[in-house]
Amino acid sequence: MSEQAAPKQADLVNITIDGRQLQVAKGTNIIEAAKTADIDIPHYCYHPHLSVAGNCRMCQISVKGMPKMTIACNTGATEGMEVSTHHTSKEVADAQAATLEFILINHPLDCTVCDQAGHCKLQDYHFEYNARSSRFLEQKVHKVKALPLGPTVMLDGERCIMCTRCIRFCDEITKTSELGMLNRGDQSVIAVSPGRELDNPLSGTVVDLCPVGALTHREWRFNTRIWFTKQTDSICPGCSTGCSVKVAERDGQVVLVKARRNDAVNKEWLCDEGRYGFGRFLPQSRITEPYTVSDSGFQPCQLADSLNAIKGNVKTLTVLASPDLLLEEFFILKQLLARTSSLGRVTVAYRGRELSEVEKILVSPDYSSNFRGAQLAGLVGEDPESEYDEMLGKIRRQEIEHVLILGDRAVAQQDIDAALISGLKAAKTSVALLTNRESPLLAGVKMVVPGRSILEKSGLLVNRALRLQHAQAVVPLKDGTVPEWRYLALLAEAAGAKVVPANVQQMSDRDLTRWYLTADSLVSSLGLSIASLKDGGFQLTPSQREPAVAFTGEEAGASPAV
Amino acid sequence: MVSVTDNGQVFHINTRGITPTKAPLVLSDESERRAQELMQQYPQARSAIMPLLYITQEHFGLITQAGVDWVAQKLSVPPVQVWEVATFYTMYYKKPVGRYHIQVCRTLPCALRGARRVSEFLHNYLGLQPGEVSKDGMWSFEEVECLGSCGTAPMCQINDVFFENLTDEKLTALLKRIEKEKPDLRFSTVRDELGSGLEGCPKSEII
């Protein structure tokens, strides 16, 4: 855990796990201590960010000098402790096998129809630590099946192993206490408080925490077997918290979103809006070729036509940028504009929002995942919302001549009205990179280029607390689409700005990121690589922002209090 | 309000259509005073969940949502945590019991001294299975684990009063007398006193 990363020398103790000597902070539980030596101790109920319950008994270890086996999650390291895990102690391995046999006594073993099959700790551990058939011949206890606990989560009481992670999450993290464990012994069942529902803004997180198939997403039940999906580690673009997620994709659709552990950002939580709304960045009806819009309708055209239309106007170009553009894209945009004219004509859609107490645990007060990236690139100032408002006012007053719209979210949905559309129509040149064929912005622009959704792009995002993270494309590319960075690079090339990466036509997103990490003075001295950003990202400091925009204390404190 | 399966085993709360009590429930002055007293005995408020549940059970005759809400609000704990306690212990009744609720001890000493006979006698006399309530609401009986009166086995507890060294004759006399006199054997666990109506009779005399 991060707070134990740099303990004082005096707080370190020497322990031995399976004969390997380790130095860990005094009191570190043995699961975490073993992890530092890459020794995996199996566990169900233990979670590093929840209190220790110690009820699954799976993490048993043997400690020299203790008369009986003990549980690793609730055993703190002390000087000279000698621990044997299942790797070296047959006694421990037998105890774990017996624990599993007990846990499975009343388990329905309905893996064939269980959504968790394939990513289930019960399956994995049984295979790894027991792997023999049950000796239980008696009648199993039956409990509630398919009981909705709230709008998002479904309970299967029989699959539950009573680890109480979900209860502890609602008690300790959201502090909403919707869940409890009723009855006792083999009759125990998880239940929601009478008269209430499990409906807090982080409710889907209990499904991630559930090590078995007892809690499932109502949204995604029976969608697909997990082994038919492609799973990608990425970053949620829903707001500027930038939570780490694992996204499962099948047939181009997002079929499951899990929180991924990142202690510096989201621990292992994820909000329902980000999770269940993950697919909202992927419109069903796609624009797949460039075309011109006129009163007579849509006319297919070439990409070069749109470049030719605006390359002469770069000096007076107004850019409306989606807040989920990549940092690389903001960088190229800056190069494009800086080479040709002064800054100050780029805005990023930014709308603040009120958050409930539970949302404040995780969610940032905006919908703009990478507005910090735009700030870092120096395209946007300290107060993006008023800049954005100012720009919308200008458009509505028809003061804009040449406009480039980057992304569907370049104007927030609630800000699109008739005045804005007619303001856009009044512009002499207007090119939009859009993905959604039903985007209301289509009514206001003269040329449309098929853009890419943030879910189809890999690149860098900077979260509200200035953590640089690498988001990976989670769905396959749509044929015919042009990533915003390539369009910007081609435009820069056409406009005569020779600072963009060469061979942009052949570059992949990863090539772009590699190029960016060495090309931008902001990060080039940090020696970063995509691989080094893989695990939790890299924390930038306020002084790395450029140009010198003051970084106020209020904003520094805006990182969510996870 | 709450749903119990046919065999009374699995108890889960149906969450639909239940509205938690909005206005704070107030029980009798006596109950409120006792709750205040009890709460002061514990360093942590939540420790008083069990005795307070008894108070609501005495008041309502069983554990109800209103009673749970009362406890939760008195102790500032989430209602579900009070439900956890109430459903864990069998001595909190989630279903109505009879006016006279007989608990027959069936743990080893009583079993060796004829607890099964006591159960069978009650089954025949009252026409009830363990866990059932008679149609007129007078009687219910259940088998329980040790009530701590092994020296006088076999025994049973009717509401809060022990009746010991039971034989068929004694039980017949006892049940007939209760039927006739209808003594007030109110729940009095917290008060630790004999229900009114039988105060004059030492237990040995009743038996």
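Modeller: Happy to; let's start with a proline. A:Pro440 has 14 other C-beta atoms within 10 Å, so A:Pro440 counts as partly exposed. Bear in mind throughout that this is a predicted model.

Colleague: Where along chain A does A:Pro440 lie?

Modeller: A:Pro440 is a residue whose C-alpha is separated by 8.5 Å from that of A:Gln413, although the two are 27 residues apart along the chain. As for its own place, A:Pro440 belongs to the loop between β19 (429–434) and β20 (447–450) of chain A.

Colleague: Stepping back, what radius of gyration does chain A have?

Modeller: Chain A's C-alpha atoms fill a box of roughly 80 × 50 × 40 Å along the principal axes. A compact globule of 562 residues would come out near 24 Å, and the value for chain A agrees with that: 27 Å.

Colleague: And how far apart are the centres of domain 1 and domain 3 of chain A?

Modeller: The domain assignment gives chain A domain 1 (2–103), domain 2 (113–121 + 138–281) and domain 3 (291–556). Taken over C-alpha atoms, the centres of domain 1 and domain 3 of chain A are separated by 48 Å.

Colleague: What share of the residues in chain A is buried?

Modeller: Chain A is built with 16 helices and 23 strands. Of its contacts with a separation of 6 or more, 67% link residues 24 or more positions apart. The buried share of the 562 residues in chain A is 48%.

Colleague: Let's pick a helix. Which elements do the buried residues of α10(A) pack against?

Modeller: Helix α10 (residues 384–396) of chain A has 13 residues and reaches 18 Å from first C-alpha to last, close to the 18 Å expected. Its buried residues are A:Pro384, A:Tyr388, A:Met391, A:Leu392 and A:Ile395. They cover an arc of only 100° around the axis, so they sit on the same side of α10(A). The elements they pack against are β17 (346–348), α9 (371–376) and α11 (418–425) of chain A.

Colleague: Which exposed residues does the face of α10(A) turned away from its buried side carry?

Modeller: An α-helix has 3.6 residues a turn, so residues three or four places apart point the same way. On the face of α10(A) turned away from the buried side, the exposed residues are A:Ser386 and A:Glu390.

Colleague: How about α3(A): what do its buried residues pack against?

Modeller: In helix α3 (residues 121–130) of chain A, the buried residues are A:Lys121, A:Leu122, A:Tyr125 and A:His126. Down the axis of α3(A) they fall within an arc of 125°, so they line one face of the helix. Their packing partner is α2 (90–103) of chain A.

Colleague: Is A:Phe331 buried or exposed?

Modeller: A:Phe331 is found in helix α8 (residues 327–340) of chain A. Leaving aside neighbours within four places in sequence, A:Phe331 is in contact with A:Ala377, A:Tyr516 and A:Asp520. With 26 other C-beta atoms within 10 Å, where 20 or more is the cut-off, A:Phe331 is buried.

Colleague: On to strands. Which residue is the bridge partner of A:Leu460?

Modeller: Strands β21 (residues 459–462) and β22 (residues 467–471) of chain A run antiparallel and are joined by four bridges. In the hairpin they form, with four residues between the strands, A:Leu466 takes a positive phi near 65°. The partner of A:Leu460, in β22(A), is A:His470.

Colleague: And which residue in β10(A) stands opposite A:Leu155?

Modeller: There's an open sheet of three strands here, in the order β6-β7-β10 (chain A), with antiparallel pairing. The edge strands, β6 (147–148) and β10 (215–217) of chain A, each pair on one side only. Three bridges join β7 (residues 153–155) of chain A to β10(A). Opposite A:Leu155 stands A:Leu215.

Colleague: Last one: is A:Phe222 buried or exposed?

Modeller: A:Phe222 is in the loop between β10 and β11 (230–235) of chain A. Its phi is near 55°, a positive value in a residue other than glycine. With 9 C-beta neighbours inside 10 Å, A:Phe222 counts as exposed.

Definitions and conventions
Residues numbered from 1 in each chain as written. Chains lettered and ligands numbered in written order. Predicted model: local features only at pLDDT ≥ 70, side-chain atom pairs only at ≥ 80, totals over all residues. Pairing = 2+ DSSP bridges. Helix = DSSP H or I, 4+ residues; strand = E, 2+ residues; numbered from the N terminus. Domains from an automatic or database assignment. Rg over C-alpha atoms; globule rule 2.2 N^0.38 Å. Buried ≥ 20, exposed ≤ 12 C-beta atoms within 10 Å, placed from the backbone. Contact = placed C-beta atoms within 7 Å. Expected span 1.5 Å × (residues − 1). Arc of directions from axis to C-beta.
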